[in-house]
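Here is a short briefing on one predicted model. It takes up a helix pairing, then a pocket.

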Amino acid sequence: MKANWKNGVLYALLFGFCFCGGRLAAKQDAIAAAADGHPRLAILIDDFGYHGEGTEEMLSLPVAFTAAVMPFSDCTEEDAARIRQAGKEILIHMPMESLTGKREWVGKKGVFREMTDEEIREATAEAFAILPDAVGLNNHMGSAIMEDERCLSAVMGVLGEKGCFFVDSMTTANSCGGNVAAENGVCILGRDVFLDSTKDVEQVKANLRKAAEIAGRKGSAVAIGHVGPEGGKTTAEAIAALIPELEKAGIEFVTVGELAK
C-alpha cells in the first residue's frame with residue numbers, strides 16, 4: 001500500500017513535469033512561430049548600372065532591398081560601388097534576348113539564342129567576375145531565353161556551381177525557369193508584382209500594397225521596381241511614403257537573398 005502511494009506520488013510528479021515542460025515547449029514554439037510569422041517583402045530594384053534617374057533616392061531608402069545591376073554597362077562599377085556603400089545587396093541583372101522589342105534594348109552583350117552553351121557560360125561567368133559579390137542573378141527582359149531550356153540551363157549551370165540563386169522576373173507566362181533550376185540544383189524565386197512602369201506615385205503605392213497583401217497571404221513576396229525611366233524617383237518616392245504604413249502592418253522588409261536562404 002505504501003509502495004503504491006509512493007508510486008502514485010512519483011507518477012503525479014512526472015505528469016506535472018511533463019505537463020509543465022510541454023506547456024513551456026508549446027509557449028516557445030508559439031514565440032518562434034510569431035517571430036517567423038511576420039510577412040516578408042523583398043523589393044528588387046532593376047536597371048542599376050546606368051546611374052539612372054532615382055539612383056540616389058533609391059539608395060537612400062532606410063529599408064533593406066536588393067539592387068539588380070546590369071553587368072556590362074557604362075556605370076556598372078560606379079553604381080555597384082554606390083550600392084555597397086549604401087549597404088544594399090547586389091544581384092546581377094543579366095541581359096537576355098526577348099521575344100519582342102529591339103535587340104539593342106537588351107544590349108551588345110548578354111545571353112542570345114544563337115550562342116553556344118559555352119558562350120553563354122562564359123558570358124555568365126564574366127558577369128560574376130565584374131560583380132563578384134553578387135548573390136544571384138535575374139533576367140533583364142529575356143522572354144526568349146526563359147522559354148529556351150538549353151540556353152537557360154547553361155546559365156543555371158554557372159549559378160549551381162557558384163551556389164547562387166535565380167529570380168525569374170516572369171517576363172513570359174511560358175517560363176521554364178522552375179524546371180531548369182531544379183535540374184541544376186538552383187534555388188529560384190519568382191516575381192509577384194511589378195511596382196512601376198508608370199509616373200503615377202499613387203499607382204506605385206497601390207502596387208506596393210498589393211505586394212504586401214500577397215506577402216500576408218503567402219508569408220513572403222517579391223516586388224520588382226526600377227531606377228531610370230521605368231520607375232526612378234517615382235518608385236523611390238512611393239516606397240519611402242509607404243514604409244511606415246507597411247511596417248505598422250507587420251511587414252518586414254528583407255533582401256531577396258534572405259528569402260532564398
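Helix H5 (residues 117-130) packs with helix H7 (residues 149-162) at an angle of about 45° in this predicted model. Their axes lie 9 Å apart. H5 is therefore oblique to H7.

**Helix pairing**

- The H5 and H7 crossing is right-handed.
- On the H5 side, the contact is made by Asp117, Ile120, Arg121, Thr124, Ala125 and Phe128.
- H7 contributes Arg150, Cys151, Ala154, Val155, Gly157, Val158, Leu159, Glu161 and Lys162.
- By class, the residues of the contact of H5 with H7 are 8 nonpolar, 2 polar and 5 charged.
- Among the charged residues in this contact are Asp117 and Arg121 of H5, with Arg150, Glu161 and Lys162 of H7.

**Largest pocket: space and centre**

- The largest pocket holds about 490 Å³ of space.
- It is lined by 21 residues.
- Which of the lining residues are the closest to the centre of the largest pocket? They are Asp47, His140, Met141, His226 and Glu230.

**Largest pocket: lining**

- Strand S1 (40-48) supplies at least two residues of the lining, and strand S4 (136-141) also supplies at least two.
- S4 gives the most to the lining of the largest pocket, with 3 residues.
- The lining of the largest pocket divides into 6 nonpolar, 12 polar and 3 charged residues.

Notes:
Residues numbered from 1 in each chain as written. Predicted model: local features only at pLDDT ≥ 70, side-chain atom pairs only at ≥ 80, totals over all residues. Heavy atoms only, no water. Axes fitted to C-alpha atoms, helices over the stretch in contact; angles between N-to-C directions. Helix = DSSP H or I, 4+ residues; strand = E, 2+ residues; numbered from the N terminus. Parallel < 35°, antiparallel > 145°, perpendicular 65-115°, else oblique. Left-handed = near helix turned anticlockwise from the far one by under 90°. Contact = heavy atoms within 4.5 Å. 1 Å grid on protein atoms, 1.4 Å probe; cavity = no way out; pocket = protein on both sides within 12 Å on 5 of 7 lines; lining within 4 Å. Points joined across faces, edges and corners; volume = space filled by probe spheres on them.
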